[in-house]
Amino acid sequence: MSPRLRIGLTGGIGSGKSTVAGMFEELGVPVIDADVLAREMVVPGQPALAEIVSAFGPKILTADGHLNRRRLRELIFSDEAARRDLEHILHPSILDAMDARARTLSAPYCLLSIPLLLESGQTEGMDRILVIDAPEALQLERARRRDRTSAEQARRILSAQVGRQERLAAADDVIVNDAGLDTLSEQVHRLHRFYLALAAGDLPPRGE
């Protein structure tokens, strides 16, 4: 039986989505990660990679035929039309794959981690939206440290995403990731108990 609840997990760059997802996984919650699926779809030989090369040219590949992720990231966050083209290539296939995997799971609820959940307008299939929130200055600092990118590039990526207030307005639940891991873990455990109760029918569903 597929999960009773699908929780859409999202947040801006550097918010800590992966850390939160890992904490839920440690509690036994299935997590389907859009980024993982996207990486699987662009390995050599996959149709999506051929479409990307057709759209952006062979310069988007490394010397050994793999996707040059850094070059692609720089391109799509400096060219809005290029970003839309890439989303058109990848998003439908990723969402279909996520749905198919969710249907195979047996759990009270699962998390679907989609960084661009709100930007892609794919919230209808979710029972609840969980936003990981952090101050923008902290997001930029984390993104620069993680991706070893420039401040300008990090700001460009941040500006291409839904704004912080818009994201919070769309949230059913919020985890604030601006303190230590202990505080973060407490919030994850609290929501885990809440989602289990919701899936069991002990609480009203979203919007009621």
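This is a predicted model: local features need pLDDT of at least 70, side-chain atom pairs count only at pLDDT 80 or more; totals for chains, interfaces and linings use all residues.
## A buried strand

A residue counts as buried when its relative accessible area is under 20%. β4 covers residues 128-133. How many of the 6 residues of β4 are buried? The count is 6 of the 6, so β4 is largely enclosed by the rest of the structure.

Now take the strand face by face. On one side sit Arg 128, Leu 130 and Ile 132.

## Partners of β4

β4 pairs with strand β1, residues 5-11. The pairing is parallel and runs over 5 bridges.

## Helices α3 and α5

Next, two helices. α3 spans residues 47-56, and α5 spans residues 80-104. Their axes come within 10 Å and cross at roughly 160°. Angles over 145 degrees count as roughly antiparallel, so α3 is roughly antiparallel to α5. The crossing is right-handed.

Which residues of α3 and α5 make the contact? From α3 come Ala 48, Glu 51, Ile 52, Ala 55 and Phe 56. From α5 come Ala 82, Asp 85, Leu 86, Ile 89 and Leu 90. By class, this contact has 8 nonpolar residues, 2 charged residues and no polar ones.

## Helices α6 and α7

The other helix pair is α6, residues 136-147, and α7, residues 151-160. Their axes come within 9 Å and cross at roughly 125°. That angle makes α6 oblique to α7. α6 passes α7 in a right-handed crossing.

On the α6 side, the contact uses Glu 136, Gln 139, Leu 140, Ala 143 and Arg 144. On the α7 side, they meet Ala 151, Ala 154, Arg 155 and Leu 158. By class, the contact has 5 nonpolar, 1 polar and 3 charged residues.

## Recap

α3 is roughly antiparallel to α5, whereas α6 is oblique to α7.

Terms used: Residues are numbered from 1 along each chain as its sequence is written. Side-chain values use heavy atoms; hydrogens and water are left out. Axes are lines fitted to C-alpha atoms, for helices over the stretch in contact, and angles run from 0 to 180 degrees between N-to-C directions. Helices (H or I, at least four residues) and strands (E, at least two) are DSSP runs, numbered from the N terminus. Angles under 35 degrees count as roughly parallel, over 145 as roughly antiparallel, 65 to 115 as roughly perpendicular and the rest as oblique. A crossing is left-handed if the near helix is turned anticlockwise from the far one by less than a right angle, and right-handed if clockwise. Contact means heavy atoms within 4.5 Å. Ala, Val, Leu, Ile, Met, Phe, Trp, Tyr, Cys and Pro count as nonpolar, Asp, Glu, Lys and Arg as charged, and the others, Gly among them, as polar. Buried means under 20% relative accessible area, exposed over 50%, partly exposed in between (1.4 Å probe, protein chains only). Two strands pair if DSSP finds at least two bridges between them.
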